[in-house]
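Me: I have a protein model open and I am new to this. Can you show me how to read it, one feature at a time?

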Amino acid sequence: MSTVNTRCPSCKGVNRIPSERIVESPNCGRCKSPLLDGAPIEGTADNFDTLLNSNQPIIVDFWAPWCNPCVGFAPVFEQTASEHSGNVRFVKIDTEAQQQLAARYQIRSIPTIMVFKNGQKVEQLSGALPKSQFDQWLKQFI
């Protein structure tokens, strides 16, 4: 049985979720908050492929902590994730910590936003956008 490790958006505790239970909207074992809806999920080499195998669209933000546009875009990404809770999964991948994923998806500039459906990349956007423009761009995919 494969598992996905994800950090709780509320208490930051690490939770291990069996892959087949991801669709069941699991809660944190420590604080009981929802793990996968309403806040971006921390994407890692260990959990990313499992997250992509979702029936929901996946929106991925490739970012780095030293990148000012990435840090400025983070609240927009988080607010949008909260607004689309239950319909779309939002994933943040730190390109410094997850260099294998950054290389796999040929990330050359950050932030880079990718949209996946049924495990396949359908669109990519480089650069940060204001919330209204991000919502408009995203609307065509969800």
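Me: Let me start with one residue. Is Phe48 buried or exposed?
Reply: First, note that this is a predicted model. To judge burial, look at the relative accessible area; under 20% is buried. Phe48 has 0% relative accessibility, so Phe48 counts as buried. Phe116 is buried too, with a relative accessible area of 1%.

Me: How many aromatic pairs does the structure hold?
Reply: There are 10 aromatic pairs in the structure. A pair of aromatic rings is described by the distance of the centres and the angle of the planes. Take Phe48 and Phe116: their ring centres are 5.9 Å apart and their planes stand at 85°, so this pair is edge-to-face. Phe48 sits in helix H1 (residues 48–52) and Phe116 in strand E6 (residues 112–117).

Me: What kind of pair do Phe62 and Tyr105 form?
Reply: That pair is tilted, with 5.9 Å from centre to centre and 45° between the planes. Phe62 belongs to strand E4 (residues 58–63). Tyr105 lies in the loop between helix H3 (99–104) and E6. Here, too, distant parts of the chain are linked, 43 residues apart. Both Phe62 and Tyr105 are buried.

Me: Which residues do ring pairs link into a cluster?
Reply: The cluster contains Phe73, Phe77, Phe90, Phe134, Trp137 and Phe141.

Me: Now the whole fold. In what order do the elements run from the N terminus?
Reply: Read them as β-β-β-α-β-α-β-α-β-β-α. That comes to 4 helices and 7 strands. The radius of gyration is 14 Å, close to the 14 Å that the globule rule gives for 142 residues, so the protein is as compact as a globular protein of that length. Along the principal axes, the C-alpha atoms fill a box of roughly 35 × 30 × 30 Å. Of the 142 residues, 46% count as buried.

Me: How do I read contacts along the chain?
Reply: Ask how far apart the partners are in sequence. Among contacts between residues at least 6 apart, 59% join residues at least 24 apart. Now try Thr44, in the loop between strand E3 (41–42) and H1. Leaving aside neighbours within four places in sequence, Thr44 is in contact with Gln98 and Leu101. Thr44 counts as buried, at 16% relative accessibility.

Me: And where does Ser10 lie?
Reply: Ser10 is in the loop between strand E1 (3–7) and strand E2 (14–18). Beyond its neighbours within four places in sequence, Ser10 is in contact with Cys31 and Ser33. Ser10 and Ala39 are 29 residues apart in sequence, and 8.9 Å apart in space from C-alpha to C-alpha.

Me: What should I look for in the backbone?
Reply: Most residues other than glycine have a negative phi, and most peptide bonds are trans. Look for the exceptions. Lys32 has a positive phi, near 70°. Lys32 is in the loop between E2 and E3, and counts as exposed at 56% relative accessibility. Asn118 also has a positive phi, of about 50°. Asn118 is in the loop between E6 and strand E7 (120–126), and counts as exposed at 60% relative accessibility.

Me: Which residues does a cis peptide bond join?
Reply: The cis bond joins Ile110 and Pro111, with omega about -5°. Pro111 is found in the loop between H3 and E6.

Note on methods:
Residues numbered from 1 in each chain as written. Predicted model: local features only at pLDDT ≥ 70, side-chain atom pairs only at ≥ 80, totals over all residues. Heavy atoms only, no water. Helix = DSSP H or I, 4+ residues; strand = E, 2+ residues; numbered from the N terminus. Rg over C-alpha atoms; globule rule 2.2 N^0.38 Å. Buried < 20%, exposed > 50% of the residue type's maximum accessible area, 1.4 Å probe, protein only. Contact = heavy atoms within 4.5 Å. Phe/Tyr/Trp six-rings, centres within 6.5 Å; stacked < 30°, edge-to-face > 60°.
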